Amino acid sequence: MTTVQTIIKNVSGLHARPASDFVGKAKTFQSAITIRSLDHPSETAVNAKSIIRLLSLGIVQGTRVEISADGSDEQEAANALVFLIDSGFGEE
Amino acid sequence: MRVFKGNPVSPGIAVGTVYQYKAFVCNVYETYVQPGDEQTTLSAYVEGVRAVNTELIAIIDDLSKRDPDKAKIFEAHREILADDEMDEEIRHAILQQRQTADYAVDRIYTENAVLLSQVSDVNIAARAADIRDVRNRLLRVLHGQKEHNLSMLPAPCVVVAHDLLPSDTATIDRKNVLAIITEVGGATSHSAILARAFGIPAILGVSDATQALPNGKDVIVDALDGQVFAQPDDETVARCRKKQAAYLLDQKNAQQYLTLPAITKDDIAVEVGLNIGSEVDWPEDGSYTFVGLFRTEFLYMERDRLPSEEEQVDAYRQVLERAAGRPVTLRTLDVGGDKTLPSLPLPAEENPFLGCRALRLCLKHRDLFLTQLRAALRASVYGPLQIMFPMVGSLEDLRAGKAALEEAKSQLAANGVSFDPHIPVGIMVEIPSIAILADEVAKECDFASVGTNDLCQYLFAADRMNPLTAEYYQTFSPAMFRVLFAIFGAFQRAGKSVSVCGEMAGNPKAAPILLGLGLRKFSMNASAIPTVKRVLRNVTLAEAEALTHAVLAASTESIVLDLIHPTA
C-alpha cells in the first residue's frame with residue numbers, strides 16, 4: 001500500500017468540477033484508493049472512486065488530506081492524484 | 001363528447017390531443033428474493049443502470065446545444081449513477097442479503113442522499129436532490145415505466161395533470177404545449193401565472209380531468225369561456241376553430257397597440273412596464289418604459305444549487321443591458337408559500353402562505369440574502385436598478401431589509417467594489433398591515449409596488465390556490481379598490497412612486513378603474529401589454545373616474561362586475 005499526504009490548494013476545494021476530475025482520475029486505476037481528511041481525524045477514509053463519499057467529506061481549501069492506494073498500480077495512482085491536487089485543478 | 005367546466009386563467013382556445021402528465025410516484029417495499037435468484041436480480045439491476053445511462057445520454061445530447069447549463073445537471077446524474085461506492089453497496093445487498101433490486105436501490109440511494117444532505121456546505125447538501133432524482137429514474141426503469149416529462153414533449157399537445165408544480169413548469173417545453181388543464185389551482189397560482197407569461201391557454205380546477213381525459217384522445221380547451229370538450233364532435237370542433245380564429249384576429253388587432261404610447265383619449269400619459277422572470281421574450285422597443293417586476297426566484301429554481309454571487313451579477317447585468325436604460329425593479333428572493341427551492345430544503349409549515357417566506361426567509365438565511373444584495377449592488381453600475389423587498393408587513397421589516405442592504409454595501413466598499421450608493425429601495429405592498437400603514441412606510445422607502453394577488457389573498461383570508469375558496473377570493477371587490485385607493489394616495493402624497501405589478505395591472509377590465517384611482521404606472525407580462533394599452537387609449541380620464549366613483553361606492557363584487565362589463 002502507498003500512502004501520501006498533501007494540502008488542497010484550489011479555492012473551491014474538492015467540490016463541483018474538481019471533485020469530478022478527482023474521481024474520474026481515480027477511476028482510471030486498478031488499485032483500491034481511499035482519501036481522508038487529516039483535519040477531521042474522526043472521519044474515516046472514503047472510497048476515492050465515489051463522488052458522493054468524496055463530497056460528503058466537504059473538503060475545502062487548506063485541508064490536509066491523505067490518499068492511500070492498494071493494488072498493482074498503487075504508486076502511479078498516488079502520484080497522479082497528488083499531482084492533480086497540487087496542480088490546483090486548473091484554477092487560479 | 002363530454003363537457004367540463006373549469007376556471008379559465010389564461011385566455012385562448014386550443015384544439016389538440018391529450019398528454020397526461022404524472023410525476024413518477026413509486027412504492028418500494030422491503031422484499032427479498034429466493035436463494036438462487038441473486039444473479040438474475042443482479043442482472044436486472046445492471047440492465048437498469050445501463051438503460052438509465054442511455055436515457056441520460058439522450059437527454060444530454062438533446063440539451064447540449066439549446067441549454068448547456070441544464071445538460072451539466074444530467075452529466076452530474078451520470079456521475080452519480082456510476083458511483084463506485086453505491087454500486088458496490090447495491091451489489092452487496094443483492095448478492096449477500098438477497099434484497100430485490102428496487103429495494104436495494106431505494107435504500108442505498110436514500111441513505112447516501114441523507115448522508116450528503118447533512119454536509120454543512122449548502123451547495124453540497126443540495127446535491128442530495130440529484131441523488132434522489134437518479135434514484136427515481138432508476139426505480140422507474142426497474143418498474144418498467146416510461147418517462148413522463150414536460151421538458152421534452154414529442155409533439156404539440158394539451159397537457160393534463162392533477163397539478164403542476166413550479167419545478168414541472170420551470171422546464172416546460174412551451175412550444176409544444178397547446179394548452180394546460182389541471183384539477184387544482186386558482187387564477188393566481190404559479191401554474192396560472194406561468195401560463196399567462198407564456199401565452200398558453202389554461203383552465204384550472206377541472207375536477208376529474210385526469211380521469212375524463214385519457215392520453216392521446218382529442219380535446220378542446222376553450223379558455224375564453226372555461227369549457228373543456230372531451231372527444232368533441234365535428235360540429236363542436238368546427239365551432240371552436242371559428243371562435244379560435246376570431247380570438248386570434250382580435251389579439252392580432254390588439255397587437256397594433258403594442259408599441260403605441262399608453263395615453264388616454266384626453267392625453268393623460270400612463271407608464272406601462274414589464275414583468276419578467278429569467279426567461280422572457282422581450283417585447284419590441286416602445287412597448288414598455290420600465291421593468292416593474294424582475295422576479296429573481298426563477299434563477300434559483302432552475303438550478304440544483306444556489307446561484308453564486310458572480311452568476312447573479314451576470315444575470316442582473318444581462319437584464320439591465322437588455323432593458324437599455326429603462327429602470328429595472330429587482331425583487332429580492334420570494335420563495336416559500338407555493339414556491340419551494342430544490343437547492344434550499346425548507347421545513348414544512350402548517351400555513352406556508354402565513355409562514356416564513358420571502359423577506360422573512362431571507363432575513364433568516366442571511367448569507368443567501370447578502371449574496372443576492374451584493375450581486376444586485378454590483379450590477380447597479382450597469383444601469384438604473386432598484387431593489388424591492390417582498391412580504392413587508394411592518395416598518396421593522398423594511399428597516400431590517402435596509403440594514404442588510406447597508407451591510408452588503410459596506411462589505412463591497414471594504415473590498416473597493418463599485419456600486420450605486422443611492423440605489424432606490426422599495427417594498428411590495430401585499431400584506432394588509434402595511435397597506436394600512438402606507439403613509440408611514442412611504443416616509444422610509446423610495447417607492448412601492450402593489451402585489452394584488454397576495455394582497456387579495458390576505459385581505460379576504462382566501463387561499464388563492466384552493467378551488468373551494470375561489471368564490472371568496474374577490475379581486476373585483478370594492479374592498480380591494482378602497483385599499484388600493486388608500487395606498488396610491490398615501491404614496492403620491494409622500495411624493496413617492498407607486499405602481500401595480502400584480503395580475504390586476506394586466507387585466508384590461510381593471511385598467512380603467514386603476515386609472516381612475518390615480519394609478520399611472522402599470523406593470524405586467526408582455527402578453528398583456530397590447531390589450532391594456534387598447535383599453536387605456538380608448539377611455540378618457542373623466543370616464544375612468546366616473547366608473548371609479550361608482551366602484552368605490554359599491555357594496556359587493558357583483559355590483560362592480562356589472563359596472564365594468566360595458567367597458568370590458
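Helices (H or I, at least four residues) and strands (E, at least two) are DSSP runs, numbered from the N terminus. Axes are lines fitted to C-alpha atoms, for helices over the stretch in contact, and angles run from 0 to 180 degrees between N-to-C directions.

The structure is a predicted model, in which local features need pLDDT of at least 70, side-chain atom pairs count only at pLDDT 80 or more, and totals for chains, interfaces and linings use all residues. Residues are numbered from 1 along each chain as its sequence is written, and chains are lettered from A and ligands numbered from 1 in the order in which they are written.

**Exercise 1.** Determine how α12(B) and α14(B) are arranged relative to each other.

*Solution.* Step 1: locate helix α12 at residues 309-323 of chain B and helix α14 at residues 366-379 of chain B. Their axes come within 8 Å and cross at roughly 40 degrees.

Step 1: classify the angle. Under 35 degrees counts as roughly parallel, over 145 as roughly antiparallel, 65 to 115 as roughly perpendicular, and the rest as oblique. α12(B) and α14(B) are therefore oblique to each other.

Step 2: list the residues that meet, contact being defined by C-beta atoms, placed from the backbone, within 7 Å. From α12(B) they include B:Tyr316 and B:Leu320, and from α14(B) they include B:Arg374 and B:Ala375.

Step 3: sort the residues of this contact by class. There are six nonpolar, three polar and four charged. Here Ala, Val, Leu, Ile, Met, Phe, Trp, Tyr, Cys and Pro count as nonpolar, Asp, Glu, Lys and Arg as charged, and the others, Gly among them, as polar.

**Exercise 2.** Describe the contact between chain B and chain A.

*Solution.* Step 1: count the residues; chain B gives 16 and chain A gives eleven.

Step 1: find the elements of chain B that supply two or more residues to this side: α2 (68-81), α3 (84-95), α4 (101-117) and α5 (122-125).

Step 2: by class, the side of chain B that touches chain A holds seven nonpolar, three polar and six charged residues.

**Exercise 3.** Is B:Ile436 buried or exposed, or in between?

Step 1: apply the cut-offs: buried means 20 or more other C-beta atoms (placed from the backbone) within 10 Å of the residue's own, exposed means 12 or fewer, and partly exposed lies in between. B:Ile436 is partly exposed because 14 other C-beta atoms lie within 10 Å.

Step 2: consider chain B as a whole, where 45% of the 568 residues count as buried.

Note on methods: Two residues are in contact if their C-beta atoms, placed from the backbone, lie within 7 Å.
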